[in-house]
Amino acid sequence: MELLVREGLEGFSVNKIARECHISVRTLYIYYKDSDDLIVRIAKEEAKKMEEMLLDGFDASWSIEKGLEWMWKARADYMLDNETSVRFLDLLRHSTYRKIIFGGTIQKFQKTMEAFLQNAIRNKEIDALPLEVFWSLAFSPLHSLIQLHNESQSTDKKFKLTNKLLDQTFKKMLKGLLH
């Protein structure tokens, strides 16, 4: 993952991964058909791990406020603790690997989020919205804050995402979503 994040898709090769891992290329081919197989299998494993962590303890029947607050906390924790994995999956999300990796891998997560949204609509907590619009409104601020936090760690910028900032942003997002 680290090599792919560092080098990008165009700079990634089986030879480079073998060299970095101090193994022969032939050893890699024992376990993987080719570089695509290696990328897809690792990405599916990481996506599944992320799905399990985000859904562990989550209940789609919760109120919109409780569910979003819980999901923001879980997502923030995951994204801050697993920066390389998040960057790896994000890189692939914006590539031709998207359908292969995310098409069937995180179905439980998608179904749970759809049920959560439908529950909130049915309970008249929010207006009916397509899942994609809801997702953009509910989670884009969080993703932006985490990206700014991570970028500032590797530059001279001094932005640090704190629990207080996370809570303030969450409350403003929720207010906009509910009203």
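The backbone oxygen of L92 lies 2.7 Å from a polar atom of the S95 side chain. S95 sits in the loop between helix 6 and helix 7 (98-102). S95 counts as buried because its relative accessibility is 18% (buried means under 20% relative accessible area, with a 1.4 Å probe and protein chains only).

The model is predicted: local features need pLDDT of at least 70, side-chain atom pairs count only at pLDDT 80 or more, and totals for chains, interfaces and linings use all residues. Residues are numbered from 1 along each chain as its sequence is written, and side-chain values use heavy atoms, without hydrogens and water.

Two helix pairs follow. Axes are lines fitted to C-alpha atoms over the stretch in contact, with angles from 0 to 180 degrees between N-to-C directions. Helices are DSSP runs (H or I, at least four residues), numbered from the N terminus.

| Helix pair | Axes come within | Crossing angle |
|---|---|---|
| Helix 4 (residues 35-55) and helix 6 (residues 83-93) | 10 Å | roughly 120° |
| Helix 5 (residues 64-81) and helix 10 (residues 163-178) | 11 Å | roughly 140° |

Helix 4 is therefore oblique to helix 6. The crossing is left-handed (the near helix is turned anticlockwise from the far one by less than a right angle).

Notes. Helix = DSSP H or I, 4+ residues; strand = E, 2+ residues; numbered from the N terminus. Parallel < 35°, antiparallel > 145°, perpendicular 65-115°, else oblique. Buried < 20%, exposed > 50% of the residue type's maximum accessible area, 1.4 Å probe, protein only. Polar contact = N/O pair within 3.5 Å; in protein donor to acceptor, adjacent residues only side chain to side chain.
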